[in-house]
Amino acid sequence: MSAPSGTVRPVSVASFAQSPNIRRDDQRNEVEGLLPVIAEVFGNIGITKDDVDFICSGSTDYLIGGPFSFVMALDAVGVWPPRAESHVEMDGAFALYEAWTLLQEGEIDAALVYSFGRSSLGDLNEILTLQLDPYYMAPLWPDIVSLSALQARALIDAGKATEADFAEVASRSRRDALANPKAQVAKDVAVDVLLQDPYVVEPLRRHALPPITDGAAAIVLAAGDKATAWSERPVWISGIDHRIETHALGARDLTSSPSTALAAQHAGVADGKVDIAEIHAPFAHQEIILRQAMGLDASVTINPSGGALAANPMMSAGLIRIGEAASRIAAGQADRAVAHATSGPCLQQNLVCVLEGA
Amino acid sequence: MTDATTAGADVGPVTTLATPISLDFDFTPGVAQSRFLKALATGTFVGQRCPVCTKVYVPSRGTCPTDGVATTEEVVLSNSGTVTTFCVVNVPFAGQSIEIPYICAQILLDGANVSFMGLIQEIPTDQIRMGLRVEAVWVDDADLTPSLASIKYFRPNGETDAPYESYEEYL
């Protein structure tokens with residue numbers, strides 16, 4: 001059940017930073033990549049690590065191929081004197097949810113959330129196979145591009161979208177990314193040109209796939225006096241919720257996203273006009289499913305940053321959606337925004353966050 | 001022989017499923033650790049100093065884990081150090097490449113503020129002790145590589161044992 005109006009403690013997205021998103025960072029280790037991002041997210045609002053009471057990160061050891069990489073990543077923050085810290089083996093957006101929940105209890109007023117991932121160290125398509133159910137699905141090694149292609153095929157067969165629709169999403173996303181200095185793939189290519197791309201896995205052409213990205217991101221959440229002290233125009237989280245569907249892909253209708261719809265309902269997406277939405281749709285066709293699930297009509301500006309098709313740093317691409325949406329409100333370009341993050345194969349788990357300017 | 005299509009009826013339920021998994025990864029040591037590794041190829045230890053707390057980390061991972069800032073100043077360290085604590089390994093295990101019993105010790109290099117693990121040789125196992133002064137013995141110059149394998153082992157350097165106070169902070 002969503003909390004009754006008035007009982008949610010206002011929490012603001014006080015600061016956001018992200019690394020450049022690049023295909024392969026072969027110079028720096030995870031900590032060295034994260035360090036400038038942490039410095040920037042504190043520096044933006046003139047605070048230090050001593051001003052946050054809680055730290056929560058999102059990452060996965062499967063990307064680096066070694067254990068406890070999230071513990072070593074704390075070296076980028078400097079956790080001394082010791083303080084409460086947590087980690088989720090998920091996108092940083094879900095770490096943000098944990099921090100938001102703790103802030104609701106009222107005992108702390110500020111939290112650092114960060115995420116990092118270098119997708120370039122292994123074969124990402126194979127690595128993502130290991131998020132599948134380990135008994136019946138993972139031993140078959142179905143790769144994520146093929147599973148997403150099955151989803152796209154189901155969408156076409158259901159008459160809900162066409163290949164041209166996928167190309168429209170990709171064309172618009174990469175064009176909008178031209179204005180995003182952190183984007184990895186930014187270019188202006190027309191739909192009819194994109195539709196001449198060969199298939200990677202039919203019906204997905206290369207443009208419908210996300211890039212493989214190394215990157216990191218961080219957000220500072222604040223409540224109480226800190227929220228108003230750290231921002232001239234605080235960006236408030238007015239609603240946030242996440243829901244999951246079964247891991248049995250065959251038991252799901254892949255052409256819809258009931259978990260997103262439910263999360264959107266509990267986050268209160270429909271409670272006001274939505275100016276922009278930052279949607280974490282790694283594959284072009286998934287944006288169509290997610291828009292429908294969240295009830296976002298043509299009046300909503302979708303993914304002005306270019307979205308995950310412009311840069312898809314594993315474990316950070318969802319957190320970046322929240323940061324991008326909040327940044328636009330802070331800059332006065334929007335009053336109310338929706339940010340979405342996904343995890344798992346074919347949009348298995350989804351988080352929806354509604355942000356509002358003061 | 002049982003027909004393949006009916007064999008399942010005789011063998012009972014599946015109770016175990018083996019699903020071998022193998023993935024290949026590249027490893028990026030990072031800027032700071034690369035400097036440490038390249039120094040090993042020249043037979044020297046290089047650490048990095050935190051500009052805030054002035055502690056020297058070897059090997060450095062590029063940041064001070066206490067202060068959360070980049071460690072930018074490089075520090076060439078001594079070839080000698082002090083055993084802060086140790087373990088005599090008597091238990092054989094798979095993949096063991098050294099004859100047991102052998103000594104595994106934490107060594108605090110002179111000028112460093114963190115210890116690291118090393119093999120101790122050229123001393124009977126019943127004479128190993130905290131505070132023992134040791135030095136690194138390197139492989140032949142031709143065999144030096146950017147790897148910990150460049151260090152053959154540590155051995156007593158003949159100096160008087162270090163006083164407990166000199167390393168108590170590092171236990």
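Colleague: Which domains does the domain assignment of chain B give?
Modeller: This is a predicted model, where local features need pLDDT of at least 70, side-chain atom pairs count only at pLDDT 80 or more, and totals for chains, interfaces and linings use all residues. Residues are numbered from 1 along each chain as its sequence is written, while chains are lettered from A and ligands numbered from 1 in the order in which they are written. Bounds come from an automatic or database domain assignment. For chain B it gives domain 1 (28-77) and domain 2 (78-171).

Colleague: Which element gives the most to the side of domain 1 of chain B that touches domain 2 of chain B?
Modeller: In contact (C-beta atoms, placed from the backbone, within 7 Å) are 14 residues of domain 1 of chain B and 15 residues of domain 2 of chain B. Helix H2 (31-40) and strands S1 (45-49), S2 (56-57) and S3 (73-77) of chain B each supply at least two residues of the domain 1 side; helices (H or I, at least four residues) and strands (E, at least two) are DSSP runs, numbered from the N terminus. With 3 residues, the most comes from H2(B).

Colleague: How many residues does chain A bring to the contact with chain B?
Modeller: Both chains take part, and chain B brings 23 residues. The number from chain A is 25.

Methods
Contact = placed C-beta atoms within 7 Å.
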